[in-house]
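Here are some notes to read beside the model.

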Amino acid sequence: MKRSVKLFGFFLLLSALVFLLNCCNSSTPKNTPEKHIVEIVQMKFQPEVLHVNEGDTVVFINKDLFVHDVTEELHKSWTSKPIASGSSWKMVATQSVDYFCSIHVVMKGKIIVNKVPGK
Amino acid sequence: MKISKTFTNTFSAVFAAAIMLSATSVFAQTNPKLSDPEVASVAVAANQIDIDYSKIAKEKSKNADVLQFATTMATDHAAVLAKATALVKKLGVTPKDNAVSQKLYADAEKTKKDLRAKSGKAFDKAYIDNEVAYHKAVISAVETLLIPETENAELKKLLQDILPALKSHLAHAEMVQKAFNSK
């Protein structure tokens with residue numbers, strides 16, 4: 001009898017734990033925006049190609065000796081403006097883009113945005 | 001073309017001298033060819049010379065690509081100079097004038113005179129051709145002469161750190177040069 005009570009208690013505890021875990025999971029949507037880092041170092045964007053979800057934030061950190069910028073390449077439709085050595089700049093990724101440094105035009109990078117349903 | 005040739009000749013002469021000195025020092029078992037203060041002086045000269053060229057380009061050119069390139073050269077080489085100046089100050093090293101830096105300055109004077117004598121598209125082409133040749137020569141000098149000659153680890157690291165920028169400058173200059181040649 002005592003043993004079955006113990007067993008029942010154990011299952012009750014386990015159920016409560018599973019319930020709690022489910023609660024926590026459901027309160028955190030799977031498409032929560034994430035933060036990604038692109039380092040600017042030795043005249044390169046690293047990583048050069050970055051895959052993100054729509055709405056994610058991309059932070060560019062200039063760890064180089066020189067001033068750089070991040071500029072949309074095809075039409076120059078947006079730019080970070082100069083990012084000094086040791087500084088950073090962030091953007092929210094809404095669509096895939098080819099970008100470059102307009103100061104050092106051979107420095108290029110790409111952000112590929114995966115569209116999130118319902119956004 | 002004449003200007004590019006001058007630079008090729010300058011660095012050929014510098015390397016020939018360096019090789020001769022190297023051979024001499026190896027046989028004599030003496031000190032390295034260039035001391036750290038001399039390496040610092042050559043690095044300062046190489047940066048200052050390209051800043052001087054960019055000033056001429058800003059005065060004479062009306063081409064947007066040339067002007068943008070010249071601005072980048074002025075900004076980046078000034079940044080290198082500032083880093084180098086701060087480092088030699090920290091290390092207590094005083095850049096020491098030497099045969100290599102003197103030859104660089106002397107040849108740069110000739111090149112500046114040639115550039116100033118040109119105008120319009122002829123100037124733009126001469127400036128970019130010279131930048132391509134100059135960066136090739138400087139990259140080679142940094143890789144095969146300055147870095148191996150440098151004893152201080154921090155000075156060596158600074159030279160290694162500026163190589164990617166020099167290579168990016170060369171690729172940028174070649175891009176502008178290619179656009180000129182295809183027109």
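1. A polar contact is a pair of N or O atoms within 3.5 Å; within protein, one must be able to donate a hydrogen and the other to accept it. In this predicted model, Asn63(B) caps the N-terminal end of H3(B), with a side-chain oxygen 2.9 Å from the backbone nitrogen of Asp65(B).

2. What does the length of H3(B) look like against expectation? H3(B) has 28 residues, so at 1.5 Å a residue it should span 40 Å. Its end C-alpha atoms are 40 Å apart, which agrees. Just after H3(B), Gly92(B) takes a positive phi of about 70°.

3. Now the interface. In chain B, 16 residues are in contact with nine residues of chain A. The two chains, B and A, bury about 1200 Å² between them, and 69% of that is on carbon and sulfur atoms. Of the area that chain B buries against chain A, 30% comes from Asp76(B), Pro164(B) and Ser168(B), more than from any other three residues.

4. Which elements of chain B give two or more residues to the side that touches chain A? They are helix H3 (64-91) and helix H6 (153-182). H6(B) gives the most, with 10 residues. By class, this side of chain B has eight nonpolar, five polar and three charged residues.

5. How many salt bridges does the rule find across the interface of chain B and chain A? The number is zero. Polar contacts between chain B and chain A join five residue pairs, both residues at pLDDT 80 or more.

Note on methods: Residues numbered from 1 in each chain as written. Chains lettered and ligands numbered in written order. Heavy atoms only, no water. Contact = heavy atoms within 4.5 Å. Buried area = accessible area lost by both parts, 1.4 Å probe. Salt bridge = Lys/Arg side-chain N within 4 Å of Asp/Glu carboxyl O. Helix = DSSP H or I, 4+ residues; strand = E, 2+ residues; numbered from the N terminus. Nonpolar A, V, L, I, M, F, W, Y, C, P; charged D, E, K, R; others polar. Expected span 1.5 Å × (residues − 1).
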